[in-house]
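Student: I would like a close look at a single part of this model, with the terms spelled out. Please take the contacts between chains.

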Amino acid sequence: MKNLPLLFCGIFFALAFSFTGLILSSNLQIGDLTPTTERLDEDGNQLEGETLYPLKSPGIAQQGKQVYIEMGCIYCHSQQIRREGFGADIDRGWGARQTVARDYVLQERVLLGTMRTGPDLANVGGRFAGQAGRDWHHLHLFNPQIVSKGSTMPPFAFLYDTQLIGDSPSKDALSFPPASEYGPEEGYEVIPTERATALVEYLLNLKVDYSLPEAIIP
Amino acid sequence: MSQAPQSIKPAETLYSSPNEAVRAELSAIDASIRSAALFFVITAISWLMIGTVFALIAAFKAHTPDFLGGTEWFTFGRVRSIHLNAMALGWATNIIFAVGLWIMARLCRSEIQHKGLLLIAGVFWNIGLTVGIFGIFFGDITSVEWLEIPTYATPLLAVSYSLIGVWGILAFRFRKGEHVYVSQWYILAALFWFPWLYIVAQFMILWFPVRGVVQSVTNWWFAHNVLGLWFTPMALATAYYLIPKVLGRPIYSYYLSVLGFWALALFYNWAGIHHLIGGPIPVWLISAGIVASVMMVIPVIVVGVNHHMSVVWMHKEVWRSPTLRFVVFGAISYTLVSLIGSAMALRSVNEITHFTHFTVGHAHHGVYAFFTMIMFGGVYYMMPRLLKREWPSAGLIKLHFWGCAIGITIMIVALQVGGWIQGLEMNNAEIPFLEVVQNTVPWLQARSVSGLFLTVGHIAFAINFFWMLFAAGAVRAKQGPTLLVETSEEGAA
Amino acid sequence: MSQDEHNKGPDPDSKASLETAGMQDERMQDVHAQLMREKNEPEEGFSPVPIFLLFAFAALCFWGGVYLVEYSGDFDKNAFSPYYDPGAFVEPPPPIPLAEVGAKIYRNQCAQCHQATGQGVTGVYPPLVASAWVTGSEERLARILVNGLNGPIVVAGNNYNGNMPAFGPNGLNLKPREIAGVLSYIRQEWGNAAAEISEEAMDGYMDQYGSRSAPWNAEELLADFPME
């Protein structure tokens, strides 16, 4: 094979084939998906007046996503639920249904992940909610050993400030187990920084608790 | 088979035989590429050492999370990403620039022109990478796998790369001689494919992000093709050059070479979707990726047969020559890692291995046991020809080989056995997740041990290299090359 | 390579020749020896492709084709399972026994705080083992699950002061069957020996308390249902 133009053509078309077949065609097929109602009517149109899913996330959750990105959480945590019967994702309660393409259309950076050193987080907001959820996440992020002894997740204490307790304890202060080896010294309290607060809001907002026409919760 | 040194002829009759003429031409080509190749080898080895340090840190953190756990700069996600990029763009790409371009120059029988341009591009490549690595360290990591380098550094990388790539393509365009050898196809193809992959990925994921999971499809088309269309062709080109060169025997079959090349070109770039099996993308994409991954068995077997039949009955030579020990280790690993990879793409296997340490073991099997070992072989062959000296210490070469061979074997076994168990347990919802994690710890500790072996090998390599580079007087081109087994006959270099 | 190519050699004006001229004799001999020692540039042999390999590859291509046809979901953008079949009638799965439902929910939703052993975390999450809150009044326990619990509470002689999320319609939205299951589970696990809570009873509690949005506190609960 010594003819440069011919060789070059072959090399070009080899990559052009997958570029078209995978990248361009998937962009055509699913690159313009938008949120839709949980069910469609008989003609395949969205139902009037019904909520469109997935939901937009609030600003603070988006700031929290930036913290998630900066900390490289994706390298241990995935955000995708496999279908029933393929792996134990649904059995483990990581979600009620498989995640599909439309679940990610509002995400500016999609963080599917490919490692599960830690559990999947696609629906972590469905497992930890409200103030109880916030409390758990803050203790867990400060030092995972507090609520998950033996975990290999690293501590993120640098996302928290340790400060002298003023006239009264801050309402945001983390409440440690009594005499915990991870707690602050006598007279000190640990409060989350803005980044920790935002990160926890992001985690509370990760939910796949709605159906889609192509993925109905059984 | 060398004889006693021939006496140097007077200048009027330059060459006493066609053999001498060819060798003189090769020597001229080597001299013309020397400064560029040396630059790239030095930067490659430097990044290898940096990447090794961060690998050790990441490995220890995985089972001892408090290790360096106090600052966000050393948090696991960033440390691991620095390791990956230092190795992929630092070690691997620089060594490709060194060895791959040297082989291309030799085979094209063209002395390189505009060497200054090549060096400048190389300097900018390494500056861009350094800026990018610091960017990751300080938190500008993108969290896009294999594209962690922040966007303020990537244009510099794209431009430097393109310059270097253009140089390689021009060398091919102005080649001498009728025949085009298989290594030249692979190098030419890789030089063309990589910028296309990189620029598309940068645009569609980071600069003008496409919507939703199309980012993921693009991401894994890109990332897998860094392995399949950049590292693999360059390593195969190197093996295809060195095996027949050192043994003095032709490659078994031209037809197998052609079949292997085009099958790789056709199938490999569709396989990347296997990173998303079970994921939130339409199933046809996934099935296409699976089929392509399994079809890769064809070029892999073909290359395996070609290499094996070229080496058969010459095991003693392989064992004696540092170059061939590393290259053949790599070539065998290629067959093994690819067959395992094809198996991993099957849904029933993937159900267990996906998301586990098995995949990490597989990745290192490919990038280290295959690609890196072959490139080590390339360095061992190339350096004496560039510096006109021999390697100072056979002992250090042996330490290098054994450190790496033992290290990578422990790593692959530990991660894949541990990862398989992890996968099985993860698929059993009755086992608490925390227990699954704790069961991986002994395997991760074994991985850290393997890292120590690899580090010893790399240090031996670096010492030998810099000794050869700087102590010019101490090491001369002796009567024979630095071989790993004492023997009375002269022979392979 | 043709014969005449061999004799062309390098350009006489190139640096290499000048370099050679400048070297010491002995060194030149060494370098020359090293150079001459090198074997020829690689060439390809022309052994044919083994026939059986070609058959094997053809078979692989056939497999690939069949696989693609079978598992591509008709290239439909809504097909996310390789067994995609929009027209098929799917048998509803058989009902899972209440005890199993309970164990599963506990593992997935409760264990991260109350731990798989039911021991809780000292000072943070109360234990469920040997706890009168768990084995005592059915309704008091159901209230906690449906609406959540805030504030200080004494369990097995120890103080806790935390937040328990709501699992009813105003919270994590578990179904009555699921709450009945998990409550029955914790009442009969780890040595606890209390009666299970039926789905019908849980339906009733859901109707009663489902619309309440505020969590309970220990005082309120003990006022209505004093400790046994």
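Student: How many salt bridges does the rule find across the interface of chain B and chain A?

Tutor: The model is predicted, so to speak of local features requires pLDDT of at least 70, side-chain atom pairs count only at pLDDT 80 or more, and totals for chains, interfaces and linings use all residues. Residues are numbered from 1 along each chain as its sequence is written, chains are lettered from A and ligands numbered from 1 in the order in which they are written, and side-chain values use heavy atoms, with hydrogens and water left out.

Across the interface of chain B and chain A the rule finds 1 salt bridge, a term for a side-chain nitrogen of Lys or Arg within 4 Å of a carboxyl oxygen of Asp or Glu. It joins the side chains of Arg195(A) and Glu72(B), at 2.5 Å from N to O. Helix H5 of chain B, residues 182-207, gives the most to the side of chain B that touches chain A, with 11 residues; helices here are DSSP runs of H or I with at least four residues, numbered from the N terminus. That side of chain B divides into 50 nonpolar, 26 polar and 13 charged residues. Nonpolar covers Ala, Val, Leu, Ile, Met, Phe, Trp, Tyr, Cys and Pro, charged covers Asp, Glu, Lys and Arg, and the others, Gly among them, are polar.

In total, 89 residues of chain B are in contact with 75 residues of chain A, where contact means heavy atoms within 4.5 Å. The area buried between chain B and chain A is about 7,000 Å², and carbon and sulfur atoms give 66% of it. Buried area is the accessible area (1.4 Å probe) that two parts lose on being put together, summed over both.

Chain B also touches chain C, through 79 residues of chain B and 54 residues of chain C. These two chains bury about 6,100 Å² between them, with 62% on carbon and sulfur atoms. Across the interface of chain B and chain C the rule finds 6 salt bridges. Arg106(B) and Glu38(C) meet through their side chains in a salt bridge, at 2.9 Å from N to O. Several helices of chain B each supply at least two residues of the side that touches chain C, including H1 (18-63), H2 (76-108) and H5. The largest share of that side, 13 residues, comes from H1(B). Its residues divide into 50 nonpolar, 13 polar and 16 charged.
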